[in-house]
Amino acid sequence: MSAASAVRKEFGEGPLARAAALVYSLLVVEVLLVGATAPGLLLIGLLDRDAGNLPLAAVCLLPAGPAWSAALYAWQRRSRDLTELRPARAYWRGYRANAVDALKVWTPWLAAMTLVGTTLTHRDAAGIPAWWAGLLAVLAVLSALWAANALVIASLFSFRTADTARLAAYFLVRSPRATAGNLCVLAAAVAVVAAGAQVLPALLASLLAATVVFNCRPMIAQIREEFTA
């Protein structure tokens with residue numbers, strides 16, 4: 001190996017080069033993800049902060065499902081070879097391949113969360129006891145964790161929607177580390193929104209997607225080993 005080749009290899013595999021590649025991927029995926037969801041997010045920003053607008057907000061969030069799925073795909077397909085670092089190409093490949101499957105998971109989940117949110121915000125009018133409201137809140141958290149698994153599976157594998165739903169529920173228990181990791185991501189996002197920084201989760205969406213993919217690596221490996229030929 002020549003001295004020049006050794007230098008190029010050392011540069012390409014060094015920590016600074018890997019860090020720069022990671023930042024580049026984060027920025028590219030973030031721009032694409034925000035761009036794909038921007039119309040809906042802008043419309044949500046124009047809505048009054050009223051519980052009656054939850055169904056409209058859900059409609060505005062429909063594009064977020066395929067956009068998030070494409071980000072998951074791009075992070076899973078991210079190459080460690082700097083010469084093959086093409087996050088934008090991977091993102092759009094994932095978007096085209098998985099948009100329909102992602103919507104099959106995302107749409108019913110979003111509808112269910114809209115119903116739960118409407119119920120909780122009108123608890124007094126509906127006469128719902130506190131224990132029932134608490135149960136709904138717990139179910140909402142579990143369903144969010146299920147949706148995280150389901151979107152990862154729909155983004156990386158080609159299963160029927162019913163099989164994706166069953167596997168997502170199965171791995172909530174089978175892969176507790178992934179579930180715990182995604183719970184931390186969910187808790188952090190909710191805490192940020194509750195603190196008044198509603199825009200911050202959108203600006204960190206690429207990092208959140210990368211974290212979810214990292215958390216779900218054991219689940220992904222087990223699905224490949226046990227459920228694919």
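A polar atom of the Thr 114 side chain lies 2.8 Å from the backbone oxygen of Leu 110. Such a polar contact is a pair of N or O atoms within 3.5 Å; within protein, one must be able to donate a hydrogen and the other to accept it, and residues adjacent in sequence count only if both atoms are side-chain atoms. The model is predicted: local features need pLDDT of at least 70, side-chain atom pairs count only at pLDDT 80 or more, and totals for chains, interfaces and linings use all residues. Residues are numbered from 1 along each chain as its sequence is written, and side-chain values use heavy atoms, without hydrogens and water.

**Helix α5 and Thr 114**
- Thr 114 sits in helix α5 (helices are DSSP runs of H or I, at least four residues, numbered from the N terminus).
- Thr 114 counts as buried because its relative accessibility is 14% (buried is under 20%, exposed over 50%, partly exposed in between, with a 1.4 Å probe and protein chains only).

**Positive patch**
- Arg 77, Arg 89, Arg 93, Arg 96 and Arg 224 form a surface patch of positive charge (residues with over 30% relative accessible area and no salt bridge, like charges joined within 9 Å; a salt bridge is a side-chain nitrogen of Lys or Arg within 4 Å of a carboxyl oxygen of Asp or Glu).
- Helix α5, residues 87–121, gives the most to this patch, with three residues.
- Arg 224 belongs to helix α12, residues 217–227, and its 40% relative accessibility makes it partly exposed.

**Ser 158**
- The loop between α7 (130–156) and α8 (161–174) holds Ser 158.
- With 73% relative accessibility, Ser 158 counts as exposed.
- Ser 158 and Gln 222 are 64 residues apart in sequence and 15 Å apart in space, C-alpha to C-alpha.

Note on methods
Patch = residues over 30% accessible without salt bridge, like charges linked within 9 Å, V, L, I, M, F, W, Y side chains within 5 Å. Areas by Shrake-Rupley, 256 points an atom, 1.4 Å probe, with all protein chains shown as cover. Lys, Arg positive; Asp, Glu negative; His and termini not counted. Charge placed at Lys NZ, Arg CZ, Asp CG, Glu CD. Helix = DSSP H or I, 4+ residues; strand = E, 2+ residues; numbered from the N terminus.
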